[in-house]
Amino acid sequence: MVAVSTPAGTPDPRLAESPFLAACRGEEPSHTPVWYMRQAGRSLPEYLRVREGVAMLDACMDADLVTEITLQPVRRYGVDAAIFFSDIVLPLKAVGVDLDIKPGVGPVVAEPVRTLADVAAIPDLEPAHVEFVTAAVGQLTAELGGTPLIGFAGAPFTVASYLVEGGPSKDHARTKAMMFGAPEVWDALMRKIGGIAAAYLEVQVAAGASAVQLFDSWAGALSPADYREHVQPHSARVLASVAGREGGGVPRIHFGVGTSELLTDMGEAGADVVGVDWRTPLDVGISRVGDRAVQGNLDPTLVFAPTEVMLARAAEVVEAGRAARGHVFNLGHGVLPATDPAALERLTEFVQSRPR
């Protein structure tokens, strides 16, 4: 359940007892904490009701709607953290990039980026561009009490790929062509997007977010060498932007899909917690991230299996996570739209009740 309200802008003292924050920091939590990527929406009937007739990006720019949607899974599941409801391309929309999210397709950019002039035409993000984010985070932290709010942003590579491709891509051919063939344009674009992502995270943290996650959904399309040369430095600058703040900074989670061979490098980009998708056994992921906490990594499709199968596999994940510096239980990617909320209710209760 959501904790009793506290005045906006005032950190709730109960956050010091958060199992989620303890696990992120490598401390001993009271139980294995649970939250789910894409828990704020998609499968919840209450989400579908409030989103009816409202376009995705319009919903993301309505502070009251963002607050309600972010709170919904916390109320229903009793998860140990809330994830701010938004979209990775929202900051681009906020600064004026002509894009939209088309149902069944994804983000579509009207004029893809090809040149240095195209990059220069993208404004930097200022707090005034996202005042609705500041308002929503303030409302949320007041309502959540001792439940942490995770802020998030899309990582430079993934967001840049949408800008270069003009939309979703299976092979990222245009993106890699720029990365390899026009390195000066690529570097400028990554610096621009990295600066926007950093500013977006800083706004969320300044408003009261207790942790952040950097999503690099498409980083798994890269080899380790290409990731280290062309991507890691830019992600590192984003993660560094919320490090060392007053009070020791906030835990930083770094997650990508299909990134088994990149886990070491993603951790070294500056993560406190590295997300491991379901394709990589959690013990293997732990061995690759170094002295860091891990997050994950139940296959999202297991919620469609018989309950005893789902819980048996969840128990394996929890057991494997004991070897890590800290473990936050999550799916190996986002909640699928057809997921039965009752299955996630059973899963959450099961993991939280496991003895430490």
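I began with α7 and listed its buried residues: Phe132, Val133, Ala136, Val137, Gly138, Leu140, Thr141, Ala142 and Leu144. Buried means under 20% relative accessible area, exposed means over 50%, and partly exposed lies in between, with a 1.4 Å probe and protein chains only. Helices (H or I, at least four residues) and strands (E, at least two) are DSSP runs, numbered from the N terminus.

I noted that this is a predicted model, where local features need pLDDT of at least 70 and side-chain atom pairs count only at pLDDT 80 or more, while totals for chains, interfaces and linings use all residues. Residues are numbered from 1 along each chain as its sequence is written, and side-chain values use heavy atoms, leaving out hydrogens and water.

What covers the buried residues of α7? I found that the cover includes α3 (56–60), α4 (63–77), β1 (82–83), α5 (90–95), β4 (149–154) and α10. Contact here means heavy atoms within 4.5 Å.

Next I checked the length of α7 (residues 131–144): at 1.5 Å a residue, its 14 residues should span 20 Å, and the end C-alpha atoms are 20 Å apart, which agrees. The expected span is 1.5 Å times one less than the number of residues. After α7 comes Gly145, with a positive phi near 60 degrees.

Then I turned to α15, where Met310, Leu311, Ala314, Ala315, Val317, Val318 and Gly321 are buried. They cover an arc of only 165 degrees around the axis, so they sit on the same side of α15. The arc is that of the directions from the helix axis to the C-beta atoms. On the face turned away from that buried side I found the exposed residues Glu308 and Glu316. The cover over the buried residues of α15 includes α14 (282–289), β8 (293–298), β9 (327–331) and α16 (341–353).

I also looked up Glu319, which is found in α15 (residues 307–321). Is Glu319 buried, exposed or partly exposed? Its relative accessibility is 47%, so Glu319 counts as partly exposed. The side chain of Glu319 makes a polar contact with the side chain of Arg322 (3.0 Å).

Last, I looked at Phe329. Leaving aside neighbours within four places in sequence, the residues in contact with Phe329 include Trp35, Tyr36, Ala314, Val317, Val318 and Leu347.

Technical notes. A polar contact is a pair of N or O atoms within 3.5 Å; within protein, one must be able to donate a hydrogen and the other to accept it, and residues adjacent in sequence count only if both atoms are side-chain atoms.
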